[in-house]
Amino acid sequence: MHHSFNQSVEMQLLKYERPNFTPSKPMIKAGKYIRIVSPWIINILSYNDKKVTAMAYWPFILFRHLNYHNIYEIENHELIHHQQQKELLVVPFYLIYFLHFLFSIIRFLNYKKAYYNVCFEKEAYAHEKDFNYLKSRKWGAWFKYL
Ligand SMILES: [Zn+2]
């Protein structure tokens, strides 16, 4: 998941949006993931959390829309989740994600803090701006964020 918690900054930056702007080739080769752009699917899967910009469900990446100023970072973030999901054979990813989130909610009593504390999110946020990260990333890199 990728959240955008600062909506006012984002609204300002949306002024610079380019129509029909799509993630570019350098990072993404065709067929690397299946792209779905659908605000209503994101709303259903996020329990109507309008701050969710994208979600990774291997082999799909769902986007609310593609006009985010930081669409490349969002895409890279979701691709890091894809790598985590693939190496955990998908289902255990969700189990560990859920348990770490639950543990973090109990620890912080704060949804936002808990979300950012999930090991998979820590890794994805730490490296989403590094477009070479996935080329050199080692298996199980999320483990050190536990
Ligand atoms: Zn995420």
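**Strands and a helix pair**

Ala56 stands opposite Ile61 in E4.

Student: What kind of model is this, and how are residues numbered?
Tutor: It's a predicted model: local features need pLDDT of at least 70, side-chain atom pairs count only at pLDDT 80 or more, and totals for chains, interfaces and linings use all residues. Residues are numbered from 1 along each chain as its sequence is written.

Student: Okay, how many bridges join E3 to E4?
Tutor: Four bridges join E3 to strand E4 (residues 60-63), and they run antiparallel. Strands here are DSSP runs of E with at least two residues, helices are H or I runs of at least four, and both are numbered from the N terminus. Two strands pair if DSSP finds at least two bridges between them.

Student: What joins E3 to E4?
Tutor: A hairpin, through two residues.

Student: And which residue in E3 is the bridge partner of His2?
Tutor: That's Ala54. Strand E1 (residues 2-3) pairs with E3 (residues 52-57) over two bridges, in the antiparallel sense.

Student: Switching to helices: at what angle do H3 and H6 pack?
Tutor: H3 (residues 71-87) and H6 (residues 119-127) pack at about 140°, with axes 9 Å apart. That makes H3 oblique to H6. Angles under 35 degrees count as roughly parallel, over 145 as roughly antiparallel, 65 to 115 as roughly perpendicular and the rest as oblique. The axes are lines fitted to C-alpha atoms over the stretch in contact, and angles run from 0 to 180 degrees between N-to-C directions.

Student: Which residues make the contact?
Tutor: His77, Ile80, His81 and Gln84 of H3, and Phe120, Glu123, Ala124 and His127 of H6. Contact means that C-beta atoms, placed from the backbone, lie within 7 Å.

Terms used
Two residues are in contact if their C-beta atoms, placed from the backbone, lie within 7 Å.
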